[in-house]
Structure formats: C-alpha cells, structure tokens
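Open the model in your viewer and keep the selection panel at hand. The tour goes stop by stop, with something to select at each.

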Amino acid sequence: MESGARPNILLGVSGGIAVYKACELVRRLRDAGCEVRVVMTRAATAFITPLTFQALSGQPVRTDLLDAEAESGMDHIALARWADRVVIAPTTADLMARLATGMADDLLTTLCLATEAPLLLAPAMNRLMWAHPATRTNTDILLARGVRMVGPESGSQACGEQGPGRMAEPASIVHALLGPESAPLSGRRVLITAGPTHEPIDPVRFVGNRSSGRMGVALAAAARDAGGEVCLVHGPLALPVPGGIEVVPVETAEAMRMAVLQRIDGQDLFIAAAAVADYRPREVASHKVKKDAPMLTLELIRNPDILAEVAARRPRPFVVGFAAETTDLRTHALAKLARKDLDMIAANDVSAGRGIGQPVNALSVFWPGGERLFPEQPKAELARALVHLITERMEHVGAEPSTP
Ligand code: PMT
C-alpha cells in the first residue's frame, strides 16, 4: 500500500444479530476512502442478504469457497492478497473457535489463513458465551497469535440480557482498523453553528424561526466521526447534542456572532447551519409588554451576518454556508455563494414545511465550478454525505491544517 493511500478492507461477516451494524461499518469505511469487499458466512446470509452489502460496498459479495463463477473474477487467493486489512464484524463464538483451531472449512476462514493482512475481530455474542472457558481460551489463542480485537461492549443484548457481548460500534471499529490519523478530518478543527436564534421582545417573548438544530447537530456528529475536533455554537435546540463535541449554547444572533468570532482563529472548517434571525427588535422591553393596544408595531433592525464576516477574514477556514429558500433554490444559492465569497453552499428547499424542523432533508450543494444533489434522507445520513463531500473539496483546494 502506498503511503497516504486508503487501505483495501476485506470485511468478513458472520451470523449474528449485530450484522445490521456491519452495514453501517461498510458505509463508514467507504466514507473514509477505503475500498471494501465483503465475504459472508452462510449463517450471516440468514440475517441479511448479500445484495445489501453489494449495494453498500459497490462490489460483488462472496459467500462460497467453491463458486466457479466468483473464482473466475477474483479467486480467493487473489482476494486474500488484495486485502490490506481484514476485519470480521460481527465475529461469532463459533467463528472464533474455528479461527483459533486454524480451520478452513468455508471461504472466510480460508481467507484468514491465506492472508498476510492484519486481522481485527469485533466479537458479538451472548454474555455467557463470551464468558465461557472455551471462548476465553480461543480469545487467548487468537490474541497471542497477533489477532486484534475491538469490543465487545457491555450493555443490553438482543437476547434481553445485560452484560459484555455487544458488538463494538462501527465508529470504534473504524478507529481500531484505520487509526485516528486516517480519518479525513483528523487533526482538523471544525466550528459549526446550528439551530435558531431567539431575539427577545420582552422577558417572555421573542422573534424566532422553526429551526430545530437537527441539521447542525447531525453535521457536528458527522464531523466528529470523521475525526474532527468539533465545536458547536448553537441556539435553542429541540434535541440533545451527542458526546465528543464541545458545545457553546447561545440565544441571540449577536451572542452567536461573539461566540463564533472568539473561536474562529485556528479553525480549519466553518459550517454555518444555523438559521440566524436576520432581524431583531430595536428595543427590548424590560417588562412583559401589555396587550391593551389593538395593534402593536415592532421595529426591527438587521442582525450582523456571521457567515459573511467569517468568509471576509484572512486567513480564513474553509467556509460552508447554507441557504434556506422557498423559491428559485439554485439561483439564490449561487448568488449567496458568490456574494458571501464562500467555498461551498448547501441549499435546501424549506417551502411547504420541508427541511426546517424536520428529521429529513434534501440538499443541493454548490461550489465554484461544481454541484451535487443529495436526495431527501435522514439528516444524520445527509450530514455524513455532506461532510464527506466537504473533505473531498478541502483536499482538492489543498486546505492545509491550521495547526500542523
Ligand atoms: O435546524 P433544522 O430544523 O434541522 O433545519 C435545518 C435548516 C433548514 C435550518 C438548515 O439546513 C439551514 O438551511 N440553515 C441555514 C438557514 C438560513 O438562515 O439560511 P439563509 O439563507 O437565511 O442564510 C444563509 C447563510 O447565512 C446560512 O449559512 C446562515 O447560517 C448564515 N447567516 C444568515 C444570517 C445571519 N445573520 N448570519 C448568518 O451567518
């Protein structure tokens, strides 16, 4: 493998309920730039079809050792040599036993004998099976042979019991497999804004909008999973922020601006996903405004544009803005990209209750000379796709880490 190149990953999948997490693992490995080929045991195919992994990996899935058609493509010895790393997730107690005794009674165990690539196991089984002396002995044998293991973790199990045996989370497996430095945002500092701002009218009322903060929180989680050191400056949120992210809660646009400007030096990437109120009441009443008058006129003044201010700085981070539009998405987004001098803009259609305050969203992303459309999907998935695209563009424009 050339230095800097992403390793070829052979993912073995054995038959346990945790196979669903292996789907996520494929996606994350591909997001990290790896080519992934999947080999399933016969038992694994009882839980999930090879077609699922084929769609996720973009490669044919192998299940049989003696498959004439598959062998004429990449035979199992060539597959064993192709792999830079082998990971088996989930690894059942049965597979551990077969690996420990050096059996080669199916394609996956044969590949493990035929490869020189390092082997990582993510065991997943019932807690008593994990604690059984046979499994303990097999674990010792495999570890002594240089096989590495990630997990299992402790917690509630699919069988309803509590204890060690849950397969490690895909992020932990990727981390164990590739190391922290291989994550695309490793060593990068990322500042993200999220949620609405609330602009007070009096002690109990405010001017605000329907943003829930989901999109920005999902981006913060995706950037964290991509190895970034993430700080999230957010207005009032409708959801909690997951761990591993520094949070700076604010209420108003002015407070968000201050929080951003205090932290912007040394950031590598700034993503403005917040729905910052464009205007705020000129005067904030110190007491609750009485409702005696039949009409009330609020005088509003413009808030500072945080995104434009960050984009105008030199040096500046890679700057990604959002555009929330109800008409002419593309025209308005391209105008904002140019006017605010952004590196990229992610535009969403927020007409008729779409996108804002919702769990799903679709994005049209533009950058100087390019664009990509992401169809409607859960915001967590969309955020991962967007962060992946951002890291590609950062690499393309040669954005150097701010703190080498
Ligand atoms: O929070 P959710 O419910 O998940 O909804 C997500 C979202 C629809 C709010 C999000 O995807 C989104 O589009 N965020 C930006 C909303 C917005 O304010 O768009 P805009 O077109 O008005 O602003 C353009 C850009 O300038 C945005 O990046 C915004 O953060 C930034 N801005 C705007 C005004 C201002 N005073 N300061 C800014 O930084």
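Select D341. This residue sits in the loop between helix 13 (329-339) and strand 17 (344-349). Check its backbone: phi is positive, about 55 degrees, although D341 is not a glycine. Keep in mind throughout that this is a predicted model.

**Two cis peptide bonds**

Go next to R314 and P315. The peptide bond joining them is cis, with omega at about -5 degrees. P315 belongs to the loop between helix 12 (306-311) and strand 16 (318-325).

Now jump to A89 and P90. Here too the joining bond is cis, and omega is about 0 degrees. Where does P90 lie? Color strand 3 (residues 85-91) and you will find P90 in that strand.

**The ligand**

- N348: one of its polar side-chain atoms is 2.5 Å from a ligand oxygen.
- A274: a backbone N or O atom is 2.6 Å from an oxygen of the ligand.
- K379: a polar side-chain atom is 2.7 Å from a ligand oxygen.

Keep K379 selected; the next stop uses this residue again.

**Helix 10 against helix 14**

Select helix 10 (residues 214-225) and helix 14 (residues 379-397). Their axes are 8 Å apart and meet at an angle of about 55 degrees. That angle makes helix 10 oblique to helix 14. The crossing of this pair is right-handed. Show side chains on both helices. From helix 10, the contact takes in R214, M215, A218, L219, A222 and A223. Helix 14 contributes K379, A380, L382, A383, R384, L386 and V387. Color the contact of helix 10 with helix 14 by class: ten residues are nonpolar, none is polar and three are charged.

**Helix 1 against helix 14**

The angle between helix 1 and helix 14 is about 20 degrees, with 10 Å between the axes. Because angles under 35 degrees count as roughly parallel, helix 1 is roughly parallel to helix 14. What is the handedness of the crossing of helix 1 and helix 14? The crossing is left-handed. Pick out E24, R27, R28, R30 and D31 in helix 1; they meet E381, R384 and H388 in helix 14. How do the residues of the contact of helix 1 with helix 14 divide by class? Seven are charged, one is polar and none is nonpolar.

**Helix 5 against helix 8**

For the last stop, select helix 5 (residues 93-100) and helix 8 (residues 133-144). This pair packs at about 50 degrees, and the axes are 9 Å apart. Helix 5 and helix 8 are therefore oblique to each other. Their crossing is left-handed. On the helix 5 side, show A93, M96, A97, L99 and A100. On the helix 8 side, show T135, N138, T139, I141 and L142. The contact of helix 5 with helix 8 has seven nonpolar residues, three polar ones and no charged ones.

Note on methods: Residues numbered from 1 in each chain as written. Predicted model: local features only at pLDDT ≥ 70, side-chain atom pairs only at ≥ 80, totals over all residues. Heavy atoms only, no water. Axes fitted to C-alpha atoms, helices over the stretch in contact; angles between N-to-C directions. Helix = DSSP H or I, 4+ residues; strand = E, 2+ residues; numbered from the N terminus. Parallel < 35°, antiparallel > 145°, perpendicular 65-115°, else oblique. Left-handed = near helix turned anticlockwise from the far one by under 90°. Contact = heavy atoms within 4.5 Å. Nonpolar A, V, L, I, M, F, W, Y, C, P; charged D, E, K, R; others polar. Polar contact = N/O pair within 3.5 Å; in protein donor to acceptor, adjacent residues only side chain to side chain.
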